[in-house]
Amino acid sequence: MRREKSFRGISERLARKYLENLGGEVRDDGTVVAEEWEASLSSETVSIGPTVELTEVTIAFEGDEESLNSVVPKFSQKAMRAGG
């Protein structure tokens, strides 16, 4: 199963750190792998109005449904706190 989620105002570095805290290990290619799930990250700059730009990180989570039902909400909660 695959789920993609995007988060604004968080860096890829910080997203990887949060995924490590949830049991993942960062590979050389930047993918984060745990026993029951895997996450690949990408980022881009997005405009939110005429003068403001933010980083938007998209994470593609892969794993079985039960594992994703656990890790995705936990990551989302951590990422929502990132902006302060």
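Visitor: Is Arg2 buried, partly exposed or exposed?

Guide: In this predicted model, Arg2 counts as partly exposed, because its relative accessible area is 48%.

Visitor: And which residues does Arg2 form a salt bridge with?

Guide: Arg2 forms a salt bridge with Glu4, where the closest N and O atoms are 3.0 Å apart, and Arg2 also forms one with Glu62, where the closest N and O atoms are 2.8 Å apart. Arg2 lies in strand β1 (residues 2-8) while Glu62 lies in strand β5, so the pair with Glu62 ties together parts that are 60 residues apart in sequence.

Visitor: How many salt bridges does the structure hold?

Guide: The structure holds four salt bridges, and one of them links Arg16 with Glu12, with the closest N and O atoms 3.0 Å apart. Arg16 is buried, because its relative accessible area is 19%. As for networks, salt bridges that share partners join Arg2, Glu4 and Glu62 into one.

Visitor: Switching to the inside, which residues have the most contacts in the largest nonpolar core?

Guide: That core has 18 residues, and those with the most contacts inside it are Ile10, Leu19, Trp37, Ile59, Phe61 and Phe75. At least two core residues come from each of α1 (12-21), β4 (37-47), β5 (53-63) and α2, and α2 gives the most, with five residues. As background, nonpolar side chains in soluble globular proteins tend to be buried together.

Visitor: Where is Met80, and is Met80 buried or exposed?

Guide: Met80 is placed in helix α2, and Met80 counts as exposed because its relative accessibility is 67%. From Val26, Met80 is 54 residues away in sequence and 21 Å away in space, C-alpha to C-alpha.

Visitor: OK, what makes the nonpolar surface patch of about 200 Å²?

Guide: Ile48, Val52 and Leu54 make that patch. Leu54 lies in strand β5 and counts as partly exposed, because its relative accessibility is 31%, and the cut-off for joining a patch is over 30% relative accessible area.

Visitor: Which residues form the negative surface patch?

Guide: The negative patch is formed by Glu35, Glu36, Asp64, Glu65 and Glu66. Glu66 lies in helix α2 (residues 65-81), and Glu66 counts as exposed because its relative accessibility is 67%.

Conventions:
Residues numbered from 1 in each chain as written. Predicted model: local features only at pLDDT ≥ 70, side-chain atom pairs only at ≥ 80, totals over all residues. Heavy atoms only, no water. Patch = residues over 30% accessible without salt bridge, like charges linked within 9 Å, V, L, I, M, F, W, Y side chains within 5 Å. Areas by Shrake-Rupley, 256 points an atom, 1.4 Å probe, with all protein chains shown as cover. Salt bridge = Lys/Arg side-chain N within 4 Å of Asp/Glu carboxyl O. Lys, Arg positive; Asp, Glu negative; His and termini not counted. Charge placed at Lys NZ, Arg CZ, Asp CG, Glu CD. Helix = DSSP H or I, 4+ residues; strand = E, 2+ residues; numbered from the N terminus. Buried < 20%, exposed > 50% of the residue type's maximum accessible area, 1.4 Å probe, protein only. Core = buried A, V, L, I, M, F, W, Y, C linked by side-chain atoms within 4.5 Å.
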